[in-house]
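User: Please walk me through reading a model like this one, starting with strands and then moving to helices.

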Amino acid sequence: MIECSQNNSFEETSFPDTTNWTAIKWHKVEKYVDKLQKQIYRAVSEENFRKVRHLQIMLVNSKAALLLAIRRVTQINKGKRTSGIDGYRALNDKKRVELFDVMKCMNIELHNPKPAYRRYIRKKNGKLRSLGIPVIKDRIYQEIVRMVLEPQVEVNFEPTSYGFRPRRGCHDAVGRIMNNIMHGNWSWIFEGDFKSCFDTLDHNFILKEIKGFPLYNLVEKFLKAGYVDNNVLHNSNKGTPQGGILSPLLANIALNGMEEVLNISYRKRMRKEYEYYVSEGDYRVVRYADDFVIFANSKEEIKAVYGILGSYLKERGLELAEDKTRITHISDGFDFVGFNFRRYKTFNGFKHLCKPSKESIKGFKSKVAEICKQLHGQNVDVLINHLNPLIRGTANYWKPTVAKTIFSKMDNYIWGRIYKFVKRLHPNKPWYWIKKKYFPFYHDGKYYGNWVLTGPKEGNILIKMVWTPIRRRAMIKYNYSPYDKSKSEYFMKRKSFY
């Protein structure tokens, strides 16, 4: 049995006074958790499973894991202000300390999760996506389970899986796709999407994959906890609710194995002191969460994917979404994670380019228009403070691709929206008066011009997308993981470069 919190010298010196939340030495707490996670990863790599369980129990029982989980759930995560079915939230330090004092002597193995609160959000296609919102205590325990389980399963995750994994992301998936198509090979594409993936995953398959995990029973309880929709309790015999902290990891555990059924393997090669891996087999694949693309050299091979994936899908309780699954050629292009990949014919042959997709551009314009509409009657400083994070975030997401022309077009679109905004704000003022008030000559030593929107009260400026330089992002190497201590220097360099 996993017992209540253990006392150790590290924890006594790291946070001697947990009544003062801000006085806790968070860097030491994070360092301790990270150290144990790396030891778990190494023990799994060495197949020393007895040591794995010992380290996992140490981490589960530590005050550090509990404190860090409370901090992430109630202070850092986006959903910190959203409550579950009990309506409880912990939005200040006093409540966080009270929560820690209550949970530090609770036995995590004996915890019985409450049903998730079912909510719906509208997707791009107009359909509704269901979200399951657990109560705060359940989220905290899910975060602890994630901390302990993730280093174990990361060892065997596929190199071409990029969604909801530490230090991996969409831009790594983009890099992998470009590597596949840039030399003219792998021109046939199978665009795949699982039908209601999170709602239909087979519980037995997930539990089979984590057999022997110390908190196996708690994971099963989370899967079977059910949900409340319109004040009616529903059982959950399959699926894992979107909105739960543990759900993305469980989904990755379930979806792992696509490379195996496609018979993809890797061969290590060395060039001087540089280590790299070469993919082998008739297919290439890139997966981001429940979206994936498979590449082949011929139409016949790509058509065969439907049959090859049959056993993979059946074992996991999945089906392909017919409206989102199709076969295409790279000359026609395809969209993935908000980008469009396509082969273009030029005077010098063919070029393979990645650009922001039409849907992504349309979504950005829609958000700009909505902000301008919602802020009618507000001053220009407020408009700038709302638009700048959207512009900066979108530009940073698009910047590893061929997006300079699109940046310019988006700036022109934004100009049209702010022109209407200031004219509506001052309907009786002539344009030269508006120009003098909101568009003074701007020069910061790097960028300059007459048409940079400037807030008259705060003096802040509306940034332009074209100011963001195009910068390619190097794809993460093979199956490298931040839990691998031997790769610490690699990830430090990668973090500092980007």
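User: Which residue in strand 13 is the bridge partner of Tyr344?

Analyst: The bridge partner of Tyr344 is Lys351 in strand 13. Strands (E, at least two residues) and helices (H or I, at least four) are DSSP runs numbered from the N terminus. This is a predicted model, where local features need pLDDT of at least 70, side-chain atom pairs count only at pLDDT 80 or more, and totals for chains, interfaces and linings use all residues. Residues are numbered from 1 along each chain as its sequence is written, and side-chain values use heavy atoms, leaving out hydrogens and water.

User: How many bridges join strand 12 to strand 13?

Analyst: Strand 12 (residues 339-346) and strand 13 run antiparallel, joined by 8 bridges; pairing takes at least two DSSP bridges. They belong to an open sheet of 3 strands, ordered 11-12-13 with antiparallel pairing. Strand 11 (334-336) and strand 13 (349-356) are the edges, each pairing on one side only.

User: Which helix packs on the sheet?

Analyst: Helix 7 (residues 170-181) does, touching strand 11, strand 12 and strand 13; contact means heavy atoms within 4.5 Å.

User: And how do I describe two packed helices?

Analyst: The angle and the distance between the axes describe them. Here, the axes of helix 5 (residues 93-103) and helix 6 (residues 136-154) come within 12 Å and cross at roughly 70 degrees. Axes are lines fitted to C-alpha atoms, for helices over the stretch in contact, with angles from 0 to 180 degrees between N-to-C directions. Helix 5 and helix 6 are therefore roughly perpendicular (65 to 115 degrees). Leu99, Val102 and Met103 in helix 5 meet Ile136, Lys137, Ile140 and Tyr141 in helix 6.

Notes:
Angles under 35 degrees count as roughly parallel, over 145 as roughly antiparallel, 65 to 115 as roughly perpendicular and the rest as oblique.
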